[in-house]
Amino acid sequence: MKYLSSILLVFLIMTACKKENTTNATPKDTVVEAYYENFRPQYHFSPEAHWMNDPNGLVYNVGTYHLFYQFYPDSTVWGPMHWGHATSKDLKKWTNEPVALKPDSLGYIFSGSAVVDHNNTSGFGTSQNPPLVAMFTYHDPVGAAQKTTNYQYQGIAYSLDNGQTFTKYANNPVVPNSDNLVDFRDPKVFWHEASQKWVLLLVGGDRAMIYNSDNLKEWTYLSDFGQNTGAHGGVWECPDLFPLTIEETGETKWVLLISINPGAPNGGSGTQYFIGEFDGKTFTTSQTEEKWIDLGRDNYAGITYNNLPDEQRIFIGWMSNWDYGQVTPTEKWRSTMTLPRKLELHKNEAYFLTNKPIETLTENLQTENLQIQKKNEIYVFSHPELNQSKIAFDLPKPLNDFNIKLSNTDGEQLLISYDSEKQEYSLDRSKSGDTTFSDSFALPVMKAPANFKKGESADFSIYIDTSSVEFFGDGGANALTAQFFPSKPYTEFSIETKDKPTTITLTPIPSIWKEN
Ligand code: FRU
């Protein structure tokens with residue numbers, strides 16, 4: 001009897017402690033169990049459980065988009081790094097796959113990239129079955145703890161079954177840390193058509209280092225970039241380098257992405273970029289001002305896909321920030337990726353990048369034209385599926401001030417504003433829900449100097465998914481990405497502006513984590 005009552009007591013305590021899911025509007029019976037919990041995004045990728053940070057090895061191969069990522073399968077905080085793995089046929093719906101790479105005697109498996117070795121230059125496969133080759137940083141935790149300066153070096157592994165299993169190369173490391181650099185990591189490899197070579201970029205603390213190779217195994221150091229250029233408030237991480245062509249003029253430039261932590265303008269982690277030239281050996285730029293891909297606080301370590309079938313450049317970032325990434329109030333998993341975004345090159349007085357979620361995300365979905373009510377200069381609507389949707393509207397240029405409020409019935413709110421005098425966007429999440437887990441989460445208000453594309457009007461879109469907001473101004477010339485942790489789903493939207501938006505549309509986006 002005594003035994004039974006203690007079981008009952010334990011059961012009652014467990015039931016009382018189990019947090020009810022109050023933040024998700026998707027009905028419980030339609031979503032797989034692991035993806036039904038507080039704050040769980042419904043149309044973004046997050047791992048089924050445990051800790052995730054940077055996207056790694058983004059590569060497209062025979063119909064499959066691979067998303068590898070920094071993963072610690074034993075906890076919801078950072079630890080000995082593995083490469084987690086998910087695949088997709090359309091960049092919308094993701095399937096979780098077994099862990100791709102595990103730590104070994106050379107160290108943890110830090111960030112890196114993957115290529116399809118079409119001509120079997122590495123000899124790991126055959127020309128009929130070209131290998132998928134991943135390059136990553138080995139991080140030796142023992143050397144790091146002893147404060148030696150040679151504990152990060154690059155290794156490779158190959159897969160002959162399109163990423164299902166990998167074999168590590170027997171002669172790793174392929175790029176030793178010959179200069180004893182404390183930070184020497186995050187290799188990005190790509191095929192450089194003009195020089196018919198593999199090119200490798202990695203970061204050595206305060207600069208990007210460039211190498212090339214004929215076979216992915218033997219690498220020649222060529223040059224470095226950036227020691228005296230760009231932002232240097234923290235260590236340089238996760239580089240990427242690729243060409244982009246301005247659609248209207250046909251002009252091609254090379255874009256270098258560099259993540260930096262800390263040192264982003266709004267605090268903590270952020271990703272800057274440089275636009276310049278690359279001749280296969282050296283990257284040069286005449287850019288003098290700092291440029292950032294996204295001035296929200298939650299878009300870090302982003303890189304782009306290798307081997308896409310067309311000229312597109314698709315980018316995915318880690319939707320978090322090292323300032324508080326390990327203490328956000330999620331329970332079984334921690335961290336989400338940004339939506340896959342298409343990068344484009346544009347020019348006004350200077351060259352700049354735009355980034356915007358790929359259009360296929362909302363293709364074939366029902367878009368509603370919203371009947372908005374006007375109260376003074378405030379247009380208001382509420383919608384039960386707002387917290388899992390895309391909202392879009394246009395405004396004429398020159399752009400007047402606006403104030404957007406996204407909120408729930410508890411009065412928690414996100415404010416997105418444009419100040420025409422300062423020509424600045426801002427995003428304020430100080431009253432958006434739970435902010436108590438970190439001193440640096442609520443403030444500062446995120447600010448972004450406005451950048452404008454050519455044209456008469458500016459188009460805006462906002463993607464909300466339970467606990468994240470991704471704001472794109474003027475076709476992605478301005479981006480602000482932020483997490484928030486509300487106590488209830490956001491259902492209300494208002495915009496205060498002199499210029500009535502011609503239309504406001506809302507597209508509910510279904511959960512990608514359905515049973516079938
Ligand atoms: C960036 C980063 C990388 C490193 C990885 C470790 O967020 O610090 O430089 O490879 O995370 O998990």
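Which backbone atom of serine 111 lies 3.2 Å from an oxygen atom of the ligand? The backbone atom of serine 111 in that pair is an N or O atom, and the pair falls under the definition of a polar contact used here, namely two N or O atoms within 3.5 Å, where within protein one must be able to donate a hydrogen and the other to accept it, and where residues adjacent in sequence count only if both atoms are side-chain atoms.

The structure is a predicted model, in which local features need pLDDT of at least 70 and side-chain atom pairs count only at pLDDT 80 or more, while totals for chains, interfaces and linings use all residues. Residues are numbered from 1 along each chain as its sequence is written, and side-chain values use heavy atoms, with hydrogens and water left out.

**Ligand surroundings**

| Residue | Atom in the residue | Distance to a ligand oxygen atom |
|---|---|---|
| Serine 111 | backbone N or O | 3.2 Å |
| Arginine 185 | polar side-chain atom | 2.7 Å |
| Aspartate 186 | side-chain N or O | 2.6 Å |

Taken alone, the ligand exposes 320 Å², of which the protein buries 95%; accessible areas come from the Shrake-Rupley method with a 1.4 Å probe. Strand E1 (50-61), strand E5 (108-116) and strand E9 (185-192) are the elements that each give two or more residues to the shell around the ligand, strands being DSSP runs of E with at least two residues and helices runs of H or I with at least four, numbered from the N terminus. Among the residues that surround the ligand are Asn53, Asp54, Trp78, Glu237 and Trp322, where a residue counts if one of its heavy atoms lies within 4 Å of the molecule. By class, this shell has 5 nonpolar, 3 polar and 4 charged residues.

**Domains and annotation**

An automatic or database domain assignment divides the protein into domain 1 (19-357) and domain 2 (365-508), whose centres, taken over C-alpha atoms, are separated by 29 Å. The contact between them, meaning heavy atoms within 4.5 Å, takes 39 residues from domain 1 and 43 residues from domain 2.

In an unreviewed UniProt entry, the annotation "domain: Glycosyl hydrolase family 32 N-terminal" covers residues 44-350, a span that is 2% helix and 46% strand. UniProt also lists residues 384-500 as "domain: Glycosyl hydrolase family 32 C-terminal", and this span is 0% helix and 50% strand, with its end C-alpha atoms 23 Å apart.

**Backbone geometry**

Asparagine 172 and proline 173 are joined by a cis peptide bond with omega about 0°, and proline 173 lies in the loop between strand E8 (167-168) and E9. The peptide bond from leucine 443 to proline 444 is likewise cis, with omega near 5°, and proline 444 is placed in the loop between strand E28 (424-428) and strand E29 (446-449).

Key:
UniProt positions renumbered as here; feature names shortened; annotations may be inferred. Nonpolar A, V, L, I, M, F, W, Y, C, P; charged D, E, K, R; others polar.
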